[in-house]
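Hi everyone, thanks for making time today. Please have a look at the sequence and the structure on the screen, and then I'll walk you through a few parts of it.

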Amino acid sequence: MSKLTRRNFLKAAGSTFALGSAGLGFPHIVGAAKKKVVVIGGGVGGTIAAKYIAKADSSIQVTLVEAKPYHHTCFMSNEVIGGDRDISTIKFGYDKLAAHGINVVQDKAVMVDPVAHKVKTADGTTLGYDRLIMSPGITFKWETIEGYDEDAAETMPHAWIAGHQTALLRKQLEAMDDGGLVVLAPPGNPFRCPPGPYERAAQIAHYFKHHKPKSKILILDAKDKFSKQGLFTQGYKKRYGDMIEWVPGADTGGGVKAVDAKAMTVSTDFDDHKVSVANIIPAQKAAQIAHDADLTDDSGWCPVDLGTFESKKHKDIHIIGDAGIISGLPKSGYAASTEAKVCASAVVHHLHEKEPGINSYANACYSIIAPDYGISVVAVYKLGEDRSKIKKIGGGLTPSDATPEALRREVHYAYSWFNNMTAEMFG
């Protein structure tokens, strides 16, 4: 893998995903009959796909369907949990999307009819479409951990869908006594935001270091390795000493297998742990509407063509973001934004009976270990010749010998990344 500097990454990503029709290779067609695109899901993938289609061709009627009036971003939610960010700063509304020509329907999509090309919402509204883009996100495989369900999550929060659960976990950390034990249980792959649990451990440790220094964090992982592992473990040691302990799945029989929310116990195949706070992140799958629409396979995720993100099960439906099987790309916010732009290009081309081109893909992921200690990974990808995988063609990690000043800059880059992402989604 070739080394990729931040400057070259931004140049590559910018040339591939420049805003507007030229950068994405959108067809310029005037006077065409009005086509209809419905987008389900108001997160990264849905908002950006809707905006790029609307910008590319104003003759296309774009409707975004989202049940929640506000979106809380998962990115930067760990800073809320760690106490360095107010939850209001990750909360965004959809009111500015109308200026881009997007019709926002604040309702839950409850049914997709891939034969009739219709979407039905909870209030009974039916929306017809020529092309449907689904970015519905995730739901949980509650059955994978004995005793853990939606009720138990109110006592042992997952905080993996930002908002109420984020605030709940923060309150529990504030309320616990110094000297208590926090267990964090990451799931097996694949799951949303692979570095997220490990950044969260650092953010909790940052809070403990200054307010509850006798407390401990135990990461009972379902896996034997994790994203940016060397950089995280180095950062843990430098900033928090022995406060964080990571236990691989091989040492527990595969991580947390059962919980008792009333007794506040967490169990592996070999040990039971009495905890003050438990952050249980269960295994995941595509959101329920994707299952109901017959868009998933036995894995629980949605198989798609990697060049257009069109469903392999139903024509004229595209799936982007965490719900899709996007071989080669992580389930990350930046990857979802990349997928949204490639998908938008493909949809516009298809609606005008043109073949979409072959686009590039990118990912940039930042993790904040401490207020002055950030790490990152960046990569650029291209579609493999057989279209079975998106292949990395260049990338790089924060160097393990990065200077303190370089680590501080990574934090500033992370905040800039957040501001740019949310502006692209909601601005």
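**An open sheet and its surroundings**

Let's start with an open sheet of 3 strands, ordered S22-S23-S24, with antiparallel pairing. At its edges sit strand S22 (360-370) and strand S24 (390-397), each of which pairs on one side only. On average, neighbouring strands here are turned by 20 degrees against each other, direction ignored. Axes are lines fitted to C-alpha atoms, for helices over the stretch in contact, and angles run from 0 to 180 degrees between N-to-C directions.

A word on the source: this is a predicted model, where local features need pLDDT of at least 70 and side-chain atom pairs count only at pLDDT 80 or more, while totals for chains, interfaces and linings use all residues. Residues are numbered from 1 along each chain as its sequence is written, and side-chain values use heavy atoms, with hydrogens and water left out.

As for terms, helices (H or I, at least four residues) and strands (E, at least two) are DSSP runs numbered from the N terminus, and two strands pair if DSSP finds at least two bridges between them.

Back to the sheet. Strand S23 (residues 373-383) pairs with S24 in the antiparallel sense over 7 bridges. Val377 has Leu397 in S24 as its bridge partner. Two helices pack on this sheet. Helix H7 (residues 229-240) touches S22, S23 and S24, and its direction makes about 20 degrees with that of S22. Helix H10 (residues 404-426) touches S22 and S23, at about 125 degrees to the direction of S22. Contact here means heavy atoms within 4.5 Å.

Now, which residues line the largest cavity? They are Leu231, Gln234, Lys238, Tyr373, Ile375, Thr398, Pro399, Ser400, Ala402 and Leu407. H7 and S23 are the elements that give two or more residues to that lining, and H7 gives the most, with 3 residues.

Finally, over to Ser267, which lies in strand S15 (residues 265-267). Is Ser267 buried or exposed? Ser267 is buried, because its relative accessible area is 15%, and buried means under 20%, exposed over 50%, partly exposed in between (1.4 Å probe, protein chains only). Leaving aside residues up to four places away in sequence, Ser267 touches Gly255, Val256, Lys257, Ala258 and Asp272.

That's my tour; happy to take questions!

Key: On a 1 Å grid over the protein atoms alone, a cavity is a set of points where a 1.4 Å probe fits but cannot get out, and a pocket is an open set with protein on both sides within 12 Å along at least five of seven lines; lining residues have an atom within 4 Å of a point.
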